[in-house]
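Please examine the structure shown below before reading on.

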Amino acid sequence: MSEELYKQMAQSIIEGEKEIAIELAQKSIELNMHPLDTITKGFVVGVNYIGDQFGLGEAFLPELVMAGEAMKAAVAVLEPELLKLGEAREVMGRVVLATVEGDIHEIGKTLVGTMLSASGFEVTDLGVDQPAEKIIGKAIEIDAQLIGMSALLTTTMIRQREVIEELDKEGLRPRIKVMVGGAPITKDWAEKIKADGTSEDAVGAVQLAKRLLGKE
Amino acid sequence: MQPKLILLTEDIIERILDEAYQLLLKPGVKVNNDEARELLASAGAQVDAETNVVHIPEQIVRKALESVPREFYLYDYDGNPVVKYGGDAVHFDPGSSGIAMLNPETLEHDTTESQHLLKLIKVAEQLPQYDAQSTAVVCHDVPQQIQDSYRLYLALLYSKKPIVTGAFTNKTVAEMIDMLAILAGGHDAAREKPRAIFDVCPAPPLIWSNFASGNLIALARAGIPAEIVSVPLAGAAAPVTLLGAVTQHTAECLAGITIHQLAKAGSPIVWGGAACIFDMKKGATPMGAVETAMLDCSYAQVAKSLNMPTHTYLGATDSKLVDAQAGLESGITAMIGALSGINMISGSGMLDFLSCHSAEKLVIDAEGIAMAKRMIAGVQLHTETLATGFYDDNINFKGGDFLKQRITMQLFRKEQHLPSNVIDRDSMRNWKEAGSLDTFARAKVIVDKLLASYSKPTLDEAKEKALHAFMLVLAQQAGMDALPALENVDKETSTHVNM
């Protein structure tokens, strides 16, 4: 019975069917299935599958994003149940995401946020045009282990360096790790500004985040 | 007859406009600029003070559309009208704002500095296919605060052609307008015969940022032409359907025109963009995709239904090298742009999603442009009879008969575009003897020739000095002691820096 349900759960994520994923999550509660099992044996299997398919070039961004959204919705249903049991899904890490000040591009950053959430990270996405103090302030407030910064413009990518320098000044590193991304961002740039890493795409960003937080 | 590519029926254009007007009301447009919101509010738009979303009624937009000039020209340094914005005139200029340049020897994408921009200007100056220059790359050897004004300064100094440019801040747009006024001989003169046009970009979906709105207002009041570069990314920052994305593009343009005309009715503004699909595998914005060109052709048709001057971004490639992909994407999209009758088509020379420039590619693209321009010149009637007049008593049924006719000599240049040496039509043996060069290698040879044959235009000495002094002050305010030393040709120029 539960095996069949797990399969349906994975399938709902693979197909990006948010409503079905929510229904299945509710059904699992009615059936008294353990919410952690529901997540790890059901929904996560779907997210992993679609991530792998994306890596192979078989799945595309809309499928990836819809899967991530469905995953978030399902987990949102199950989290209160976990709390009732006095348990929590293992949080991979708390992440603050933002596009730096002066830059209003957010497609890439939002994709990274979706994929991180789907992979078990707790993501606070501050949005675009965020000054250093806001990013750092939020990271302190939620005790984040990781900051992810996006910049699409060469004129704004220098802001990434400012945030890192400010973090260093306040002695917040290496406690808080920093990953940077965006079209003009190269490995050289990431090294130059002493970021902890960069990735070319959202799936790679999840792997990077896991590696930086020792969750591989 | 200028051949035209038509993608939309009149019915569909009507529906696009109708839905664009609906979008302007609901959800409305986010206008993050106080003055722009005030202008819209006092015209009767409803403003949500908390979200900065403005709901713009159709009649305000229609009124703005009435006051927009249907055509205007950009002028060269000598005051000749060179670029016509309006109707189905077609012009090309190199792409703008690259951050890298292909090194023809190492094939690396080098970070751009003054020398790179100078090289591109010199090459484009001598290629007649480019009716205008662009401020093609960012010069990273000057501080960020002057990177926009400095690019314009170099273009004004090293070219006589009209210039497609853009400002990075609201402060610099005023400075750049001052620079134009210095060379024109005053702000009135700069307005009467505009030398440059400024790109202004709304942010998809349906956002006019503080900076972009501010630029629109400043340009309108100065009477210097503005060019809206709306960039719907179909499937990410705009609807995935081409028609949906074109409708959003229409709404963004209409909102921009309204702000602009409310600031100063009658100021010149262009319906333009860098519309593009969103690549669902790489999350990229492919400029070489055929759907990208279809979006542009479509929005140009919408613009033309309103009698608006037009601009687009085509003739570029996403390839990292000047290779077969670069050739086919640039050539095909340039052809589509020309067949769409778009007034200014920016993008030539560019690789890698508009981030990297190449002088060699400019040379090759010039041939694609020449083909496109030949295409839209159409099949012409040159003679009284179509053919019978060519067959006189001297015809002896031999292959070379027509080579001997005077009319062949008179007309072949009109009928045929004569390509540069970048196009190979040599015999196999000659091609081998010439070194078996491929397109890129042949383009390198031509770039070297153009750099050698370039001579800096002679400008009015007093104006040039004034421009120099103006730029030097900006540079000093930005923390530089002097402007970057440019190469030896400019000994004369460099001395001004020390004045």
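Helices (H or I, at least four residues) and strands (E, at least two) are DSSP runs, numbered from the N terminus. By this definition, chain A has nine helices and five strands. From the N terminus on, the elements of chain A follow the order α-α-α-α-β-α-β-α-β-α-β-α-β-α. The model is predicted: local features need pLDDT of at least 70 and side-chain atom pairs count only at pLDDT 80 or more, while totals for chains, interfaces and linings use all residues. Residues are numbered from 1 along each chain as its sequence is written, and chains are lettered from A and ligands numbered from 1 in the order in which they are written.

The overall form of chain A comes next. Its C-alpha atoms fill a box of roughly 55 × 40 × 25 Å along the principal axes. The radius of gyration is taken over C-alpha atoms, and the globule rule is 2.2 Å times the number of residues to the power 0.38. For 216 residues, a compact globule would have a radius of gyration near 17 Å, and the 18 Å of chain A agrees with this. Of the 216 residues in chain A, 49% are buried; a residue is buried if 20 or more other C-beta atoms, placed from the backbone, lie within 10 Å of its own.

The domain assignment divides chain A into domain 1 (2-84) and domain 2 (93-212); such bounds come from an automatic or database domain assignment. The C-alpha centres of the two domains lie 27 Å apart. Eleven residues of domain 1 of chain A are in contact with seven residues of domain 2 of chain A, where contact requires C-beta atoms, placed from the backbone, to lie within 7 Å. On the side of domain 1 of chain A that touches domain 2 of chain A, α4(A) gives the most, with seven residues.

Strands of a sheet pair through backbone hydrogen bonds, either parallel or antiparallel. Here two strands pair if DSSP finds at least two bridges between them. In chain A, five strands form an open sheet in the order β2-β1-β3-β4-β5, with parallel pairing. Its edge strands, β2 (121-125) and β5 (197-198) of chain A, each pair on one side only. Within this sheet, β1 (residues 93-99) and β3 (residues 146-150) of chain A pair in the parallel sense over five bridges, and Ala98(A) stands opposite Met149(A) in β3(A). Helix α6 (residues 132-141) of chain A packs on the sheet and touches β1, β2 and β3 of chain A. The direction of α6(A) makes about 165° with that of β1(A); axes are lines fitted to C-alpha atoms, for helices over the stretch in contact, and angles run from 0 to 180 degrees between N-to-C directions.

Chain B also holds a sheet. Four of its strands form an open sheet in the order β2-β3-β1-β12, and the pairing is mixed. Two bridges join β1 (residues 29-31) to β3 (residues 53-55) of chain B, which run antiparallel. Elsewhere, β4(B) and β5(B) form a hairpin with five residues between them, and Gly79(B) in the turn has a positive phi of about 90°.

Finally, where do the chains meet? The contact takes twelve residues from chain A and eleven residues from chain B. The largest share of the side of chain A that touches chain B, three residues, comes from α5(A).

Key: Two residues are in contact if their C-beta atoms, placed from the backbone, lie within 7 Å. A residue is buried if 20 or more other C-beta atoms lie within 10 Å of its own, exposed if 12 or fewer, and partly exposed in between; C-beta atoms are placed from the backbone.
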